[in-house]
Protein chains: 2
Amino acid sequence: VTKAAATDEPKAERLFSADILRALAAETFAACGLPGADATEMGRLMVEADLIGSDAHGIFRLPQYAQWVRAGTINPRANIRVEKRGPATALIDGDNGMGHLVMAFAARTAVEIARESGVAWVGARRSNHAGAGALYPAIPVAHGMVGIYAAVSSANHMAPWGGAEPLMGTNPIAVGIPAGAEPPIMLDMATSVASFGKIRTHALEGKPLPEGWMVDRADGRPLTDASRMKDGLLLPIGGYKGSGLALIIGLLCGPLNGAAFGRDVREFSTSATRESNTGQTIIALDIARFLPLDAFKAEIDRHIRELRASARLPGVDAIRIPGEQAHRRRVQREQNGVPLTPALVKELDKLAQTLGLERLTARSS
Amino acid sequence: VTKAAATDEPKAERLFSADILRALAAETFAACGLPGADATEMGRLMVEADLIGSDAHGIFRLPQYAQWVRAGTINPRANIRVEKRGPATALIDGDNGMGHLVMAFAARTAVEIARESGVAWVGARRSNHAGAGALYPAIPVAHGMVGIYAAVSSANHMAPWGGAEPLMGTNPIAVGIPAGAEPPIMLDMATSVASFGKIRTHALEGKPLPEGWMVDRADGRPLTDASRMKDGLLLPIGGYKGSGLALIIGLLCGPLNGAAFGRDVREFSTSATRESNTGQTIIALDIARFLPLDAFKAEIDRHIRELRASARLPGVDAIRIPGEQAHRRRVQREQNGVPLTPALVKELDKLAQTLGLERLTARSS
């Protein structure tokens, strides 16, 4: 999950309303063969990532997704269905559809099951890249539940601890906890120190990488020349600990769901033609099984405020709770628009033209 | 969770058979007023920590536990019970009993529920320090299930990210995944880079702390003088990421269970007289709801072997899977005995004498 440095918008960026971006994405997917309702949901979910500041998982991905769907690598008319169902579990067959649709379906299924049983563990196989992890715990959270999302990354950029081969993803986890008057707590993190997207950005900008982000596959020493990223491995958070977390997440979202892990993970590239068989998992927990929801929310509010009001280290302007900045950004961007770089705008215009759609820059903003 | 440096035993340490240590612990707890079956289970669970190498959570803690029970800080005759039960959830009231007993009960309850519903989320409140986290996922694992344990630490040694006050624990998580011919995967980690126990060991040995373990509360700069540990804060793994994990674990094991978190956490010291209201959670997932257990185990074995056989970085002798070393150590120590330092042996002898029990050194080894 890339926390793109998009808070302070450079002057060159241009703002587009969320509605216009949603429409563009929906029309794009419809033109690529998705049924109308699915195309609309894709627009909503993708732009949600832009709104919360997960720019690397938002509309930025539209050209790539469109290419995959048009090439048949992703199934536009997927029959996403519950393959197995227990009193508190489900396994979803994503039918190689868009990961967003698979995981939104999985999260709704989890809420439904958790309402009956108190908790639901819902896994998905034959899914695909699902964008910003935070989108899916947000669904249980909206129903007064805790949401936990985890996934096998679409590409392997980490090695097992001590290893030199990229056999593990930066397998992310996202957890949402409802609050009362405060924004919900939302932690959304990869198990690596830095994302590969961040490395790529450094390479594009010709900036060196800080030590601790990557090591050289050949000798295990810090790799700081971003242009050599192909020779490097991303480092997990906390050394063997983050590596262990990535492994556990990978096995629980991969093999447990009958999805890819390790050597079975397909190379994530625009030229991919084989089904990725991505595995993801969502857990929903009904808080009311433990205590009244309002009492829980009041306690979470109290703890958030006590942490926020606690003494700070010198130079720290504020103690921020996970999800707080994303929530603020969401409000601001829904009102003022989403900033896009000129390069991205150009690419989106090209895509629209290819599909015979109205260009982004031609839509009133 | 302290990974004590006990693999290479210094000459001064003496080996004691696990049976003798179990008997000593059981007799100690019985002498402190625990019912016989509970005392025996305490002996088994505590020494299990020694066997797997979590020495800081093993027999080492016996004097402290005995003191708490005798002082009435922990209830020797706790009525541990299911307070709330849903189709896939339970809330356990630990009645301020020994944390080990509470969590073993919770884990058995989770297995029972997960057998019926596929998954179980079982929380506990009014519990206490439960020793090595790995003990509890091991219970579902022994039943062909995934086990996930998490807890609010007994003491606050971390600050919220950017903060200067120790308001968060190094809240640990332990996850167990069954394998076939390979030892089960068992990740057991705190969310801090180093444990407070490790800091204390450095202080005792007069060794400086590596940078990255602690920061000074006054200025946020690295604290490397271990004797000043009281002025420091432990650092989370991966900066704001590990801090976020610690927060999430703390809220899901604390307030959700009606247990302490943040400012409500009681100071963890031998002089404590107030109930700690420790919160812990165990999740059990029945693998067979997703695929046949044997097929899953075969896949886990295959992935373990593929990772282990993959290329290594220079200087790395082996790629180790979480739980592998603990498993090896367990076999070896069950056979050869558990090494104890002279200081600990002396303390245990003193405790035995106080309680009118046979001294450890008088028992045939």
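This is a predicted model: local features need pLDDT of at least 70, side-chain atom pairs count only at pLDDT 80 or more; totals for chains, interfaces and linings use all residues.
Local features require pLDDT of at least 70 and side-chain atom pairs pLDDT 80 or more, whereas totals for chains, interfaces and linings use all residues. Residues are numbered from 1 along each chain as its sequence is written, chains are lettered from A in the order in which they are written, and side-chain values use heavy atoms, without hydrogens and water.

Helix α10(B) comprises the 13 residues 342–354 (helices are DSSP runs of H or I with at least four residues, strands runs of E with at least two, numbered from the N terminus). The expected span, 1.5 Å times one less than the number of residues, is 18 Å, and the end C-alpha atoms are 18 Å apart, which agrees. Buried residues (under 20% relative accessible area, with exposed over 50%; 1.4 Å probe, protein chains only) in α10(B) are L344(B), V345(B), L348(B), D349(B), L351(B) and A352(B). They cover an arc of only 160 degrees around the axis (taken from the directions from the axis to the C-beta atoms), which puts them on the same side of α10(B). On the other side, A343(B), K346(B), K350(B) and Q353(B) are exposed. The cover of the buried residues includes β1, α1, α3 and β11 of chain B.

E182(B) lies in the loop between β6 and β7 of chain B and is buried, at 12% relative accessible area. Its side chain makes polar contacts (N or O pairs within 3.5 Å, with one able to donate a hydrogen and the other to accept it; residues adjacent in sequence count only if both atoms are side-chain atoms) with the side chains of R305(B), at 2.8 Å, and R308(B), at 2.8 Å.

C32(A) is buried at 10% relative accessibility, and C32(B) is buried at 11%.

Methods:
Contact means heavy atoms within 4.5 Å.
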